[in-house]
Amino acid sequence: MFNKFVALTLTILCVAGVSRAQLPCSADKHYQRLLQKYPQLADYEDQFEAQIQKRIGARTTSVPVDTNTYDIPLVVHVIHDYGTENISDDILYDAASYWADIYMLRNADTVDVIPPFLPYIGNPKIRLHLATKDPNGHPTKGIDRVQSYLTMNADDEAKYNQWDPSKYVNIWFINTFGAAETGAAAYALLPSSAAYEPYYDGVISLASYANYAKVIPHELGHVLNLQHPWGNTNEPAVACGDDHVDDTPPTMGHNPVGCSPAALYDVTCAIGYTKTYTSSDGTLDSVVNYPDTVNAQNIMDYTYCQRMFTKGQAVRMRTALTGPTAGRNNLYTPANLAATGALAPMPDLPPIADFILNKASGGGSIYDNRSYFLTFNNLASFNFMNASWNDTISSVAWTFSNGATTPTSAATGVVSNKFSVPGWVSVSLTANSNAGSNTLTNNHAVYAADTASIGGNGYFQNFTAAADIANWPMFNYYNNQFKWDFYTGAGLGDNTCIRYRSFDTSQRITGIAIGDHDDFFTPAFNLAGLSGNLFVDFFTSGAYTTAGIGPYDPNVTDSLVLEASTSGGARWTKIASIYGSDLANNGDYGVEFAPTNAGQWVARSVSIPAAYRTNNTFFRFQYWPGNEGNNLYLDKFSISSDPAGVKELLTSDNSFNIYPNPATNGCFLVFKTGISGIVNYSIKDLTGKVVYQEQKSFAPNTTEQQSIPRSLTPAAGMYFVTVTVEGNSMTQKMVIY
Ligand SMILES: [Zn+2]
């Protein structure tokens with residue numbers, strides 16, 4: 001597999017020359033956005049530049065030449081969801097070795113540098129080392145691998161596991177960039193930007209570019225304060241620009257073109273380029289006639305034909321490194337090199353055991369990309385796959401609970417299993433290497449659901465105790481704070497319910513909720529033979545929050561999806577979704593929301609299509625947090641021929657009810673219709689004035705509900721609602737706030 005990957009990459013390079021569609025870098029776009037956010041950054045940048053120029057000094061004055069070689073610790077974070085972005089340790093070690101070559105001028109391809117620039121090839125003299133100690137002082141091989149949905153549509157928010165950027169240069173790899181970075185392969189923050197947002201300091205790149213061309217060395221150039229040769233204020237190939245480095249002639253820069261003659265011998269902007277230098281006493285020192293050809297082979301250009309840094313760039317990088325901005329001058333201190341183990345040889349560490357779930361096999365088409373929930377006697381099988389890393393794995397040993405068809409295995413690939421005992425399945429994987437072994441045990445790896453139906457029409461679940469949901473598995477797929485749980489601090493009519501904790505404590509800096517999703521499954525219901533009205537009924541209470549993110553955006557928020565399965569979890573079909581302000585029915589809360597009264601709950605009734613009325617129907621609630629999420633509460637789940645609210649509120653000695661009450665967004669009247677089916681109802685205000693009345697015909701002897709929209713009672717206050725059935729009248733108070 002590894003060899004195949006390399007061969008493919010080389011083929012692309014050789015045949016196509018420039019094959020990648022992505023621009024190398026979006027650091028400029030990022031810088032411009034930051035400049036808008038922090039206008040004072042421009043002044044800071046100017047001051048910083050002045051300091052740099054002062055420290056670099058005029059070329060021929062007596063600034064001592066810094067001959068030190070600097071050592072810098074690196075850490076590579078792979079943010080992955082077990083897709084192609086989960087690039088192997090070996091690829092990363094090869095890549096890191098190549099990046100290190102560039103920064104010590106060991107890259108052999110400088111032989112391609114065109115003659116005008118041969119005298120200007122610079123050696124940064126910076127040794128890059130993967131760290132051998134993590135921030136807690138534990139041994140590491142310099143790679144940090146975490147599963148997260150943030151690998152998709154990534155931006156700065158994916159950098160949630162940064163190691164102190166004054167101690168390590170952080171490099172993140174992700175699957176795809178989000179809209180703000182569309183078209184880019186990577187970007188990095190300049191030191192001045194990093195000083196403003198240290199939690200974003202580092203390089204972030206598409207995983208597919210880890211070892212492509214000089215994308216990462218280019219980004220590390222930005223980390224060390226190099227600009228693009230055309231400056232950082234425009235796109236390439238637009239206008240002549242300069243990067244504050246003398247021996248990189250002014251240029252418009254290039255979009256990816258490869259080593260085309262037009263780029264290699266491009267003279268646009270560079271004709272007649274000279275620099276005049278003065279001595280420290282102010283007299284003329286020299287006039288240097290730099291090449292009249294632009295340096296299209298510069299690592300900071302976009303040609304994908306990069307071969308070199310210049311001497312001036314090397315000085316500029318070293319100057320940034322030895323300055324305090326963004327803590328760069330801490331990176332190479334002896335104390336930091338000791339703390340990060342940067343100079344120690346790479347340790348041989350035991351593997352880190354890990355496995356993933358694949359899509360189920362067998363049983364017809366499977367909808368979920370990964371299958372965590374199937375009935376214990378399903379036609380389809382769960383598929384477990386080894387994903388251990390951190391060392392060359394010599395062997396693995398699996399054990400599975402619950403009467404697995406394959407209770408133990410040594411397969412390094414996929415292990416298929418069915419389970420004869422329902423419930424949570426415990427999976428244990430031991431990975432071995434020459435350096436030792438590591439075991440991962442997950443007692444909630446997958447759920448083998450029982451097919452014994454727990455009820456049909458009339459089933460009611462009030463979520464009173466945690467034991468009530470023993471057969472209602474909840475999955476927190478990304479093992480984070482955004483998840484379903486049994487909640488004991490609020491409820492409809494009591495203090496218990498189910499909560500999805502969507503409130504985002506990340507302050508929208510890193511580790512945001514958007515992109516996550518989690519499931520909450522029901523047991524099996526027997527709905528066979530049921531005709532007529534049949535609903536999944538439940539109540540929800542939700543809110544959103546704009547705290548820290550400005551105005552409410554109704555297009556970007558949380559959603560709750562209800563799905564049904566008649567294939568024991570192999571295939572799911574959406575039967576309802578609730579989202580936006582409908583789901584967030586209580587509006588904007590700056591803090592974590594929890595309902596405090598019945599009026600904050602909304603009844604939900606989802607009609608169960610005939611196709612899902614089988615003797616083994618499962619439902620699942622799937623929650624997709626948005627970036628304005630607040631908590632959602634769910635209570636009083638029932639399967640009923642009546643819409644939600646009816647069963648819970650109507651008792652035999654009280655054939656008329658109002659819910660919610662008090663109410664702010666309208667409410668419902670629920671009543672039994674009597675022999676004739678004719679029902680009169682009226683609403684009076686406190687003065688006795690009739691604000692609404694109506695007579696309607698319903699089916700005889702049924703329970704019905706009528707919506708009372710808020711528009712009928714626009715004024716807050718108390719009302720009296722009277723319902724008359726067969727000459728018998730009942731009146732109740734209704735409070736609108
Ligand atoms: Zn760049």
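This is a predicted model: local features need pLDDT of at least 70, side-chain atom pairs count only at pLDDT 80 or more; totals for chains, interfaces and linings use all residues.

Tutor: Residues are numbered from 1 along each chain as its sequence is written.

Student: What makes H4 oblique to H6?

Tutor: Helix H4 (residues 89–103) and helix H6 (residues 215–223), which are DSSP runs of H or I with at least four residues, pack at an angle of about 55°, with their axes 9 Å apart. Angles under 35 degrees count as roughly parallel, over 145 as roughly antiparallel, 65 to 115 as roughly perpendicular and the rest as oblique, so H4 is oblique to H6.

Student: Which residues make the contact of H4 with H6, and how many of them are nonpolar?

Tutor: Ala95, Trp99, Ile102 and Tyr103 of H4 meet Ile216, Pro217 and Leu220 of H6, contact meaning that C-beta atoms, placed from the backbone, lie within 7 Å. Seven are nonpolar, with no polar and no charged residues, where Ala, Val, Leu, Ile, Met, Phe, Trp, Tyr, Cys and Pro count as nonpolar, Asp, Glu, Lys and Arg as charged, and the others, Gly among them, as polar.

Student: How many residues of domain 2 are in contact with domain 3?

Tutor: Domain 2 (357–449) and domain 3 (460–641), whose bounds come from an automatic or database domain assignment, touch through 15 residues of domain 2 and eleven residues of domain 3. On the domain 2 side, nine are nonpolar, five polar and one charged.

Note on methods: Two residues are in contact if their C-beta atoms, placed from the backbone, lie within 7 Å. Axes are lines fitted to C-alpha atoms, for helices over the stretch in contact, and angles run from 0 to 180 degrees between N-to-C directions. Helices (H or I, at least four residues) and strands (E, at least two) are DSSP runs, numbered from the N terminus.
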